[in-house]
Amino acid sequence: MNQGGNEIKQKFEERKRRVEAAIRLETPDRVPFTTMVYSFAARFAGISVHDYIFNPRENRRVHRIFNQEFEPDMNYLPATNLHPLMVALAQPCPVRLPGRELPPDESWQCFEEPLMTVEDYEYIIRKGMPLFMRRFLPKIRPQFIRPGISGLPGRLKILGLSISAITTAIASIRDAGKMGFPTFLGGGFESPFCMISLARSLKEFSRDIHQRPETVSRAIQRSVPSLVRVAKFMSRISGVPRVLIGFHREAFLSPRQFRELALPEIREITSLLSRAGVVTVLHCDSDWTPHLEALQELPEKSCVLEFDGATDIFKAKKTIGKRLCIKGDVPARILALGTKDQVLDYCRKLIEEVGEGGGFILASGCEIPPDAKPENVAAMREAVEKYGKY
Amino acid sequence: MGEEIKTALANLDENLVLDLVRRKIQAGEDPEAILADLKTGIEIIGQKFEAQELYLIDLIYSGDIFRGAFELIKPVLRKDRDSTGLGKFVLGTVKGDVHDIGKNIVADLLTGAGFEVIDLGVDIAPEIFVARVRETGSRFVGLSGLLTVAYDAMKETIRALEKADLREKVKVMIGGSMVNDEVKAYVGADAGCRDAVQGVKIVKQWAKG
Ligand code: B12
């Protein structure tokens, strides 16, 4: 291998070690930085959200540009997540997409309607989530899977979409690797709790939680094994031992409801995956502060908790920082509206308090907002270099 | 029996609430009094939420129970009544933004507080806000938005109200998780709030003051 090739390989290994050490709660050479990013990267590269979503080659180019410019320690997620089928697993409700139902450069929109019925809980409990989703997909993605298509043609259509999702993912992981960037996630989707809540619509779901918590709980529990299977599969084919699972509506529960309905799900997923050598990246949207104590029950080092700026991340460090790796959480507000100095100050505080003793990855809270200022994004990278050396 | 309705609602006992409302209507009780009980129930829920005895999921559910009960009362309310109570309130999520979980909670709490809420939905263009304010004569407008790009849409909406000579006639409240004083000043609103319960307190003062 030539000189440049060796250097790239070294960088790749160095970055990988840094992030993986933080996940094992060790102290790497410095605080690692890798962050969720979609539309911001597209905008930065000057292409429309539509092309970013639907053209895998453009998608790879966008991330190449992002990685080169902002130099995270890891490329965040392979392009699968943007694939129409994957978006369905992440958002099982009707969507309007840029360049289709919306102007090409707008953010996608998601509309919850009670398309899943009370009877469907029983269906999920009897037959499992995959069979339910197969029936449900044409209802929420008529754009890709014609309603009425069933039997073999329907299955072939879904198989086709799955294969293209997989090849897209592998190509983008390889592409990032060639530039010296390991990929953080092998794939990602939503927790059963969130999937059901989105399919059912939040309003109806809030009623179900109060009126038939047992049924809800059984449907969630029944969905866990198949989800874990898919997660393991994603991890295996991508070669990345980490998978993102989006948990957000769990945060809306009371601490008691959380222990009854959400904790068993999260505990089961994280332990099953951990046993298979896969780290769960728990994407915790909204305010998880009331539930931090419950998270102490998750197996040690089994996951990375990604906070979005709404949770008290400093309290999280004190409550669970000795058991689980914490990632976050420069708020979207500062990235979009704040100044570079505000970003640097906030990152410094994060590094000093949450980064103390290791087990911390610096990132934006959830994704970098589409309208973030590029200099604010660069400031996160600057901060780990400036304040993050252990 | 008023006691029972508001406690049933505060306890999130949907079946009991609906049952009590039906029975009272049948017994010929004053629908305004039933409505008042329900509103007290929503107020208690707001207090419990602030005290962290209830959580978001409960707030969302209570709004739905309230709406169901209100549907039962509507047909028996006097047509010529001063139905507006605290007045009409035009509410919506601004153009380009579809986040509505918070906005829906605000709508329920406002209704509970005695406003007649005209909820326009999500992704609402400035022209539509203007048209609905004009049509309803509402003195209050609530703009919800969670995306930072929503601030421009809020600003445009307020400008459109100015152009239509309506700005002087309405008070505008903006809300969403990223709203602060700077945002409020930028968009030119009368008030901004990151918390539904607080926001409703402010508009109640407006309506009464
Ligand atoms: C749930 C959610 C979604 C759901 C929305 C479902 C729905 N029906 O609303 C879905 C998945 C559809 C979604 C989509 C997107 N989202 Co989103 N989403 C969130 C999330 C996780 C939670 C919001 C929420 O509902 N919270 C719970 C409610 C109760 O809180 P709330 O809305 O703040 O409301 C309270 C107060 O603000 C107030 N309030 C609200 N409105 C009003 C109005 C008035 C008048 C008053 C008085 C008070 C008030 O009262 C409420 C109760 O106290 C936030 C992150 C966060 N932590 O906020 C991101 C977030 C808002 N989303 C974000 C983004 C970027 C998006 C997308 C662009 C993603 C993408 N890559 O395409 C799309 C955009 C879609 C669009 N065009 O709008 C960003 C915004 C960043 C920015 N700078 O703009 C956030 C902050 C996450 C992030 N950091 O990336 N999202």
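A:D73 and A:R18 form a salt bridge, with their closest N and O atoms 2.7 Å apart; the term covers a side-chain nitrogen of Lys or Arg within 4 Å of a carboxyl oxygen of Asp or Glu. The pair links distant parts of the chain, 55 residues apart. A:D73 sits in the loop between α4 (56–70) and α5 (84–90) of chain A, while A:R18 lies in helix α1 (residues 3–23). Helices here are DSSP runs of H or I with at least four residues, strands are E runs of at least two, and both are numbered from the N terminus.

This is a predicted model, where local features need pLDDT of at least 70, side-chain atom pairs count only at pLDDT 80 or more, and totals for chains, interfaces and linings use all residues. Residues are numbered from 1 along each chain as its sequence is written, chains are lettered from A in the order in which they are written, and side-chain values use heavy atoms, without hydrogens and water.

Buried means under 20%, exposed over 50%, and partly exposed in between (1.4 Å probe, protein chains only).

Chain B has its own pairs. B:K24 meets B:E29 in a salt bridge at 3.7 Å, N to O. B:K24 is buried at 2% relative accessibility, whereas B:E29 is partly exposed at 32%. B:D123 and B:K95 pair at 4.0 Å. They stand 28 residues apart, B:D123 in the loop between β2 (115–119) and α6 (126–136), B:K95 in the loop between β1 (87–93) and α5 (101–113). Over all chains, the whole structure holds 42 salt bridges.

Now the fold of chain B. It has 9 helices and 5 strands. Its radius of gyration is 17 Å, which agrees with the value near 17 Å for a compact globule of 209 residues; the radius is taken over C-alpha atoms, and the globule rule is 2.2 Å times the number of residues to the power 0.38. Buried residues make up 53% of chain B.

Finally, the interface. Between them the chains bury about 2,100 Å², 62% of it on carbon and sulfur atoms. Buried area is the accessible area (1.4 Å probe) that two parts lose on being put together, summed over both. A:K203, A:F252 and A:R333 supply 27% of the area that chain A buries against chain B. The two chains share 2 salt bridges. B:D64 and A:R207 meet in a salt bridge at 3.1 Å, N to O.
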